[in-house]
Structures are given as C-alpha cells and as structure tokens.
Amino acid sequence: MGLSLLREDTVLDMLGLAHQFNFQELEVAISDYLRQVLALRNVCAVLDAARLYGLDALMDYCYNFLDRNATEVLQHDTFLQLSVEALQGLLERDSFFAPEVDIFKAVCNWFNANQQWVKTESGIAQVEKILKCVRLTLMSLEELLTVVRPFSLVTPDMLLDAIQEKTQTKSTDLRHRGLLLPEENVATPKRGARVISGDMRSALLDGDTDNYDMERGYTRHNISDAPDNPGIVVRLATTTIINHIRMLLWDRDNRSYAYYIEVSVDQKDWVRVIDHSNYYCRSWQNLYFEPRVVQYIKVVGTSNTVNKVFHAVELEALHTARVPPLSEGLVRPTHNVATLDLSAVVIEGISRSRNALLNGDTEHYDWEQGYTCHQLGSGAIVVQLAQPYLLSSLRLLLWDCDYRHYSYYVEVSLNYWNWDMVADRTRDACRSWQVIYFPPRPVSIIRIVGTNNSVNEVFHLVHLECPAQVEDTRDDPAAKKQRPSRERNAPRERTRRRSASRSPPDGNGNTEGRRTPSPPAEGSRGETPRPALPPAETATEAEEGYDD
C-alpha cells in the first residue's frame, strides 16, 4: 500500500513509529513523501512532527516553505495549531518575511485560540518570550498605538521600550526581516530591481556581459573625493537577504579600479560591507559578506588607473550557501585564483601564447612554447588577480626541459606602488616546481623577477598558481613527472649548445642571425624535421611570433 492512500495523520503516526524503533530507511522514505505533499493545510503539523523527532532536514524544508508563503500561512487556520516551540522558531527567522503588523495580528489570534494554555503557569511564562519574537520596532508609531497598545498581553513597558529603541537606534542596527531566494539573483528587472543613481543606468542590470566597449554597455559615475559621492545605487524590489555580490568591472584593457560597497534598508543609514577602496581590482568581482537584509546597494568607485570615471558592466546580488572562507573581509581561497576563469591576467611578461602562464597546462611545454619569460636585469613577470585575496602561499613551475637552474625573487602588492617581498631565492639554484609560503596577507598583484639562469640571460616561467595546491612538492604528482635523462637528452643538448654558440645574446638582448622556429612550408611534410631550438635566449626572440 502506498503512502498516498493513507491519511496524513496516519502517515505522521507511522513517522513516529519509524523514529521510535529506529527504522531509518522507512523514516527517510516517509520524510521524502512528506516533502512532496507539503502544502498550507499540513505544513504546520509536519513541522511539529519534525521538531518532535529531531528530523532537522525535514524541519528546515518546512521552515523554508513557510518563508516562501509567509503571508498566506499567517491567515491559514493551521497556523493556530503550531506548537509553542515551532511558533518561536518561526518568528525568530529573519527570512519569515511579512509585514510585522500582520505577524503581530496572527500571534494575537494564536493566543486567543490557545487561551487554555495561555492561562496556565507555564503559558504565562512563555507569553512574554513569544511577544519578544515579534519585532515591534519594525512597526510604525501609528501601528504601535492603534494595533499593539489595545492588546492586553502587551505591557506598557514593552510598548515604551519598543518606541524608545525605534527612535534611538539606527535603522541598520534593527533586526529586519527580508525576502530569501536562495541562489537566485535578485538584482534583475524581472525581480523589480532598478538603478536609481548613476549614468547610463539601463546597462547594469540587463544581464549582457559580452556586448560592451568604450562607448556602451556599462553604468558609470564620476570619481571624486567628496564623502557624499552618490555613486551607483541599485534599489531592490523589497527588503531582501543577501550575502554575495558579483560585479563586472569594465575590462577591455588592463586598467584597474578601486571601490567600496554599502547597503541600506532605507537609503538613510548605510553599512559598508565591502571595502576595496585601497585595492586594485579588475574584471569580475566575487564578493562575500555576512547575510544582511538590504534594499539598496551603493557602489562607489574611488580610483581608475586611466581616468576619473568608474565603470561597472554588470551587478548581481543573491544569497548563497556556497561561501568560501573569509577573513578580514577578504576571501581566503583554497582553490587556485590565478586562472583565466577568475579573471587573472598577465600584465607584464613575454610569451608566444598570451595565456600560457595561467592556462593550467603544466605538461605541454617545450623549447618553443608554453612559458612566459623576461630578460634578466630588465623587466619582470607580473600577474594581477581579479580582486584582493588573503593568501599565504603560491607555487611556480620553472622551465625544466633540461638541467638548467634559475634564481629569482617574488614580491606582492595591492596597488603597484607598495611591494612586499615574500620570497628571496636570488642566492639559490632553483629548478622545476617551487612552493613558497609566507604569512597571510592581502594580495592582488604578484611580481616574479628572475636574477639568474645558468644557461642564458632569460628567466622562463611555465605556471603560476596561488594558493599552492599541494602541501609539499613531494606530494605533487606533477613534480614527479619524468624528464628525459641526460643520455637521452644529449643530442638535443648538443644542438642547443651549437645553436647558442652560433648566436650568443649581446648586452642589449639582440639576436641577429638566430633563426626563429617557424611552421613548415606547405608541401614539405616529407622533409626531415629540423631539431627543436632551446627556449628563447632573449626576450626579443621570445616575442617573435607572438600570438595575440
């Protein structure tokens, strides 16, 4: 016999028996069935049963259902049948979103329907606790005087305390209720959001993250030092609970921006949830903070490395359960953030493939491709992350197709002005994989400077990641991959030496007379292939054939 053929009270009795005799599979099956048939007529009874038997997953499902249907539940007869514990748990939720005056009226009806319990000794003790779960400070003065005051269970002191807190406390410090839509972007025109401050307002929430250029596709505001800079303001349809903002900064070149984000429920009192006003940022920003009830989101640019205008292409706001570790307002990543998918970019350095350093390929590199380089004594390899992260490690792969070794140092910065050295290996003979640890610090820019190459005058770097994805290089399978032995590599090594002897680099890094490898001419497939040349021995040579 299927559960659908039974009365719901019988199903709840079966759930109690399954819990009592520890029939776990049956308990799970009944819980799944109750989720499928959950409705206004039975949600309160199912919630009470879930609380009684300690079924947290089912209880959370019921609470989320009540959150989504708060207004209807308050007017339904089954609300009057809630247990005291379930009622308190429901009223304490910020996501139980309905006008507070309606919540107060429903609680009054619950008291009237449970008069017998209210008049008991235990009931009298619980009444004040339940009333404290109603947020009187969210009501208007008129509602407090005309709706709350006549109710006999509300004492004059409770009413006066609510009025005092309401008039003396900032709106951002009050406990607000808000709409909760998990994993859904609420900053969309479909959801009623709109931009109320900024120039070219229609672009920010249109969802188009591909079609933008120097003339269109972004919302902007002028950058100034004025403390009352209006910035770009987005108004959500109603007070909403969010903990995550995604924003795309204009990124058609290598410019950087700095900014901060504030939120408000009334556009009077603002709380700063993100402060990147001293950090250089670019492209996609993935920002997290403690869940807050907000209706207004204000983005204020404080810097643009090219001009005095802040440009935002897209903004999304949502509540997510997938929150990375946070510390000091910054993401403390566990995965590699120096990737193309996360908008990292190579600002300085020469390569035949623009994205070689950040494409994650640690296998396919050789004498001609797969690395980024710079001339020793001139320049560096610089990588900018999309946003500041709290980092404590990074990992490098030095070019290791032969037995050369390198020396180098690594610096990090937040703004290109102030640099801190996190690794000094200028006196070490380093090769292949390098893991670097340092005290945790905010980082948005990484600069690697080569100081020595035992073979030529160029520093070659194959891969960069941060944080390091292994605890120890001995545990890294990539670090154990086999390289050709000296015996097998001898013919290629001799070819490299002959090539180097024919055209040693001069002091200016010029390589006249050196032949740069090129694709074979059409129809030459039957010819004997020419031995591969060693990696570029000057930065000039590496730049030849650069693929944009």
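Reply: Let's begin with the spaces inside: the count comes to 3 cavities of 30 Å³ or more. A cavity here is a set of points on a 1 Å grid over the protein atoms alone where a 1.4 Å probe fits but cannot get out; points are joined across faces, edges and corners, and the volume is what probe spheres set on them fill. Please keep in mind that this is a predicted model, where local features need pLDDT of at least 70, side-chain atom pairs need 80 or more, and totals for chains, interfaces and linings use all residues. Numbering starts from 1 along each chain as its sequence is written, and side-chain values use heavy atoms, without hydrogens and water.

The largest cavity has a volume of about 50 Å³. To find it, look for I274, H276, N286, L287, Y288, G329, L330, V331, Q387 and P388, which line it (each has an atom within 4 Å of a point). Two or more of the lining residues come from each of β5 (271-281), β6 (284-304), β9 (330-331) and β12. Strand β6 gives the largest share, with 3 residues. The elements are DSSP runs numbered from the N terminus: helices are H or I with at least four residues, strands E with at least two.

Next, let's turn to the aromatic rings. The whole structure holds 12 aromatic pairs (Phe, Tyr or six-membered Trp rings with centres within 6.5 Å; stacked under 30 degrees between planes, edge-to-face over 60, tilted otherwise). Take Y259 and F310: their ring centres are 6.2 Å apart and their planes meet at 50 degrees, so this pair is tilted. Because Y259 belongs to strand β4 (residues 257-264) and F310 to strand β7 (residues 309-318), the pair ties together parts 51 residues apart in sequence. Both Y259 and F310 are buried (under 20% relative accessible area with a 1.4 Å probe on protein chains only; exposed is over 50%, partly exposed in between).

Another tilted pair joins W367 and W399, at 5.2 Å between centres and 55 degrees between planes. Here W367 sits in the loop between β10 (345-348) and β11 (372-375), while W399 sits in the loop between β12 (381-398) and β13 (406-413), so to speak two distant parts of the chain, 32 residues apart, are linked. W367 and W399 are both buried. Elsewhere, F104, W110, F111, W117 and F151 make up one aromatic cluster.

Finally, a few backbone spots deserve a visit. Most residues other than glycine have a negative phi, and most peptide bonds are trans. The bond from C466 to P467, however, is cis, with omega near -5 degrees. You will find P467 in the loop between β16 (458-465) and α12 (486-502). N22 has a positive phi near 60 degrees; N22 is in the loop between α1 (8-20) and α2 (24-36) and is exposed, at 52% relative accessible area. E183 also has a positive phi, near 60 degrees. E183 lies in the loop between α11 (156-168) and β1 (194-197), and its 33% relative accessibility makes it partly exposed.

Note on methods:
On a 1 Å grid over the protein atoms alone, a cavity is a set of points where a 1.4 Å probe fits but cannot get out, and a pocket is an open set with protein on both sides within 12 Å along at least five of seven lines; lining residues have an atom within 4 Å of a point.
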